[in-house]
Amino acid sequence: MIYKTRDGNEIRGNDGQDRFLAALYGTLAGRTAVRILIQPVVSKIGGAFLDSSLSRFLVSPFVKRNRIDLSLYENTSYDSYNAFFTRKIRDGLRPFDPAPSHLVSPCDAKLTVCPISENGILSVKQTAYTAESLLRNKKLASRYYGGQALIFRLTVDDYHHYFYPDDGRKSKDRIIPGVLHTVNPVAGCVYPIYKENSRQYCLLKTSGFGTILMMEVGALMVGKIRNHHAEARKVTRGMEKGFFEFGGSTVILFLMPGAAVLDEDLLANSLDGMETIVRAGERIGSCK
């Protein structure tokens with residue numbers, strides 16, 4: 001899989017992982033296995049292993065393969081693979097763009113921008129969804145018709161902590177139970193993953209960008225969502241909202257019509273069917 005950087009360069013992703021997932025979702029035998037792998041009980045078993053010291057041997061090869069600089073993180077040694085996967089960047093190394101007029105990315109990810117049509121339809125990697133099916137709330141979904149959906153897809157090499165994109169007041173979290181497909185686009189050709197996977201969302205009422213809907217989506221093989229604030233409360237730009245345990249996962253932002261003008265490179269890449277690599281706290285647009 002090929003991604004675009006913000007300066008227009010093309011970066012090739014993990015071809016081995018892409019080939020494995022293509023075989024898993026693209027064959028009858030693979031899809032039979034998927035029916036087992038996506039069940040939460042399988043992720044629970046996998047999570048228990050990744051939380052144990054038996055999983056430590058996985059850390060070193062992963063670090064080497066993905067060229068991760070451990071000096072950027074609070075700890076450099078880990079008791080388990082999940083302790084490594086949920087590692088935190090040292091304070092001060094990744095400041096958020098402070099300009100109130102700038103919309104910022106909530107996480108490190110591969111970003112796709114999708115318009116939400118006037119009847120609530122959005123298309124993610126050639127898979128059609130409705131805002132209502134994602135939220136399971138027709139009235140709330142209608143507030144975002146004519147707006148934009150920002151799909152931040154986190155792959156296993158990304159930093160898996162995510163943050164509030166602006167100051168505001170968040171609502172109580174809503175949890176929608178489901179299964180745990182991979183969020184790799186190959187699965188979207190077979191299953192409507194974002195309306196089948198486990199997910200949580202809240203509303204973030206901001207002064208500059210209206211009410212942003214922020215959703216976290218779990219994914220294949222654990223992909224567990226760990227939010228810090230289930231209750232309604234005030235939050236600030238750059239405050240950590242939560243993190244994902246092992247697995248590629250997704251953060252989705254719904255913007256109301258006219259809430260922001262997104263940067264041209266993101267829009268152009270999305271129209272070309274390309275995801276753009278973004279980092280938490282960097283500008284991705286501005287208020288009108």
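Arg 87 lies over the face of Phe 84, 4.3 Å from the ring centre. A charge counts as sitting over a ring if NZ of Lys or CZ of Arg is within 6 Å of the ring centre and within 35 degrees of the ring normal. Lys 110 is placed over the face of Tyr 3, at 5.3 Å from the ring centre. The model is predicted: local features need pLDDT of at least 70, side-chain atom pairs count only at pLDDT 80 or more, and totals for chains, interfaces and linings use all residues. Residues are numbered from 1 along each chain as its sequence is written, and side-chain values use heavy atoms, with hydrogens and water left out.

**Aromatic pairs**

- Rings of Phe, Tyr and Trp (its six-membered ring) pair if their centres lie within 6.5 Å; planes under 30 degrees apart count as stacked, over 60 as edge-to-face and the rest as tilted.
- By this rule the count comes to 9 aromatic pairs.
- One of them joins Phe 62 and Tyr 81 edge-to-face, with 5.9 Å centre to centre and 85° between the planes.
- Phe 62 belongs to helix α4 and Tyr 81 to helix α5 (residues 81-85), so this pair ties together parts that are 19 residues apart in sequence.
- Phe 62 and Tyr 81 are both buried (under 20% relative accessible area; exposed means over 50%, partly exposed in between, with a 1.4 Å probe and protein chains only).
- The rings of Tyr 162 and Phe 244 have centres 4.9 Å apart and planes at 50°, so that pair is tilted.
- Tyr 162 is in strand β8 (residues 161-163) and Phe 244 in strand β15 (residues 240-244), so the pair ties together parts that are 82 residues apart in sequence.
- Tyr 162 is buried, with a relative accessible area of 0%, and Phe 244 counts as buried at 0%.
- Ring pairs also link Phe 62, Tyr 78, Tyr 81, Phe 84 and Phe 85 into a cluster.

**Surface**

- Phe 57 lies in the loop between α3 (40-51) and α4 (59-66) and is exposed, with a relative accessible area of 56%.
- The protein chain exposes about 13,200 Å², of which carbon and sulfur atoms supply 56% (Shrake-Rupley method with a 1.4 Å probe; for residues, only the protein chains shown count as cover).

**Whole chain**

- The protein chain has 10 helices and 19 strands (DSSP runs numbered from the N terminus: helices are H or I, at least four residues, and strands are E, at least two).
- Of the 288 residues in the protein chain, 53% are buried.
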